[in-house]
Amino acid sequence: VECIWKIGDKVKYIGEKRISTGSKWPTIRAKAAFSLPDFYQSTVNYQRFALDIYQTIPIRGTGNFSYLVSLGHLVGDVPLYLSFVAPGTGGEWNLSVANTFETIKASSFYNTTMASSFMRFSFKKMKTGVKWTSPQFILHHAVGIGTFDQKSLHNVAFQSFSKGYFEGGVLINNLLNISTTGLGIGCFYNYGAYSS
């Protein structure tokens, strides 16, 4: 079951198509998943709850501040893939994705209870007078904390956010504009108990 509440969302219609024009308030997404024990000989019994709050706040003349706060809780013993996985895009990919941990390799951290926060401040694009470049500086910070109950039930080595995960970074987007795509560069650093 998933519910999304776009607080104060304004819409307009073009023909029969409904289009959102945005809101100055946060969007809240709540999700709950329940197993059906004994259904089709299932032996898994769990309840999984997640809550996301996200918003983009324009700062006049400067840029935009955006944030995402994610909370999750899992009740029951489940296979590892049903746990909360820290969204990571680090490692060999060299790809930056908003609202992810840029320094975590995918599927490195699992939690049964987790809280994370992703924040970015995007300055306005610089006007260069040429079409092929319009640099935009972005400041990034992410925090995660969580626990994993009964790690001994799984025979795979993994970590949880029990000591807190912290990272910061700087991006320069649109150094090179190609049609509708912009290429840039970023540098990220994780600090704290899991620093590498």
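User: Let's start with tyrosine 165: which residues does it touch, not counting residues up to four places away in sequence?
Analyst: Tyrosine 165 touches Phe101, Thr103, Ile104, Phe109, Ala142, Val143, Gly144, Asn190 and Tyr194 once residues up to four places away in sequence are set aside, where contact means heavy atoms within 4.5 Å. Please keep in mind that this is a predicted model, in which local features need pLDDT of at least 70 and side-chain atom pairs count only at pLDDT 80 or more, while totals for chains, interfaces and linings use all residues. Residues are numbered from 1 along each chain as its sequence is written, and side-chain values use heavy atoms, with hydrogens and water left out.

User: Is tyrosine 165 buried or exposed?
Analyst: Tyrosine 165 is buried, with a relative accessible area of 3%; buried means under 20% relative accessible area, exposed over 50%, and partly exposed in between, using a 1.4 Å probe and protein chains only.

User: And which residues touch the most other members in the largest nonpolar core?
Analyst: That core has 16 residues, and Ala86, Phe101, Ile104, Phe109, Phe161 and Tyr165 touch the most other members. A nonpolar core is a set of buried Ala, Val, Leu, Ile, Met, Phe, Trp, Tyr and Cys residues joined through side-chain atoms within 4.5 Å. Strand S6 (63–75) and strand S9 (113–123) each supply at least two residues of this core, and strands here are DSSP runs of E with at least two residues, numbered from the N terminus.

User: How many aromatic pairs are there?
Analyst: The count comes to 12 aromatic pairs. Rings of Phe, Tyr and Trp (its six-membered ring) pair if their centres lie within 6.5 Å, and planes under 30 degrees apart count as stacked, over 60 as edge-to-face and the rest as tilted. One of them joins phenylalanine 109 and tyrosine 194 edge-to-face, at 5.2 Å centre to centre and 85° between the planes.

User: Where do phenylalanine 109 and tyrosine 194 lie?
Analyst: Phenylalanine 109 lies in the loop between strand S7 (84–85) and strand S8 (110–111), and tyrosine 194 in the segment after strand S12 (181–191), so the pair ties together parts that are 85 residues apart in sequence. Phenylalanine 109 counts as buried at 5% relative accessibility, and tyrosine 194 is buried too, at 14%.

User: Which residues form the aromatic cluster?
Analyst: Phe101, Phe109, Phe118, Phe161, Tyr165 and Tyr194 form one aromatic cluster.

User: Changing topic, how many salt bridges does the structure hold?
Analyst: The structure holds three salt bridges, each defined as a side-chain nitrogen of Lys or Arg within 4 Å of a carboxyl oxygen of Asp or Glu. In one of them, arginine 29 meets glutamate 2 at 3.5 Å, N to O; arginine 29 lies in strand S4 (residues 27–34) and glutamate 2 in strand S1, so this pair ties together parts that are 27 residues apart in sequence.

User: What else does arginine 29 form a salt bridge with?
Analyst: Arginine 29 also forms a salt bridge with aspartate 52, where the closest N and O atoms are 2.6 Å apart. Arginine 29 counts as partly exposed at 31% relative accessibility, whereas aspartate 52 counts as buried at 11%.

User: And which residue pairs with glutamate 102?
Analyst: Glutamate 102 forms a salt bridge with arginine 120, the closest N and O atoms being 2.6 Å apart. This pair links distant parts of the chain, with glutamate 102 in the loop between S7 and S8 and arginine 120 in strand S9, 18 residues apart.

Conventions
Helix = DSSP H or I, 4+ residues; strand = E, 2+ residues; numbered from the N terminus.
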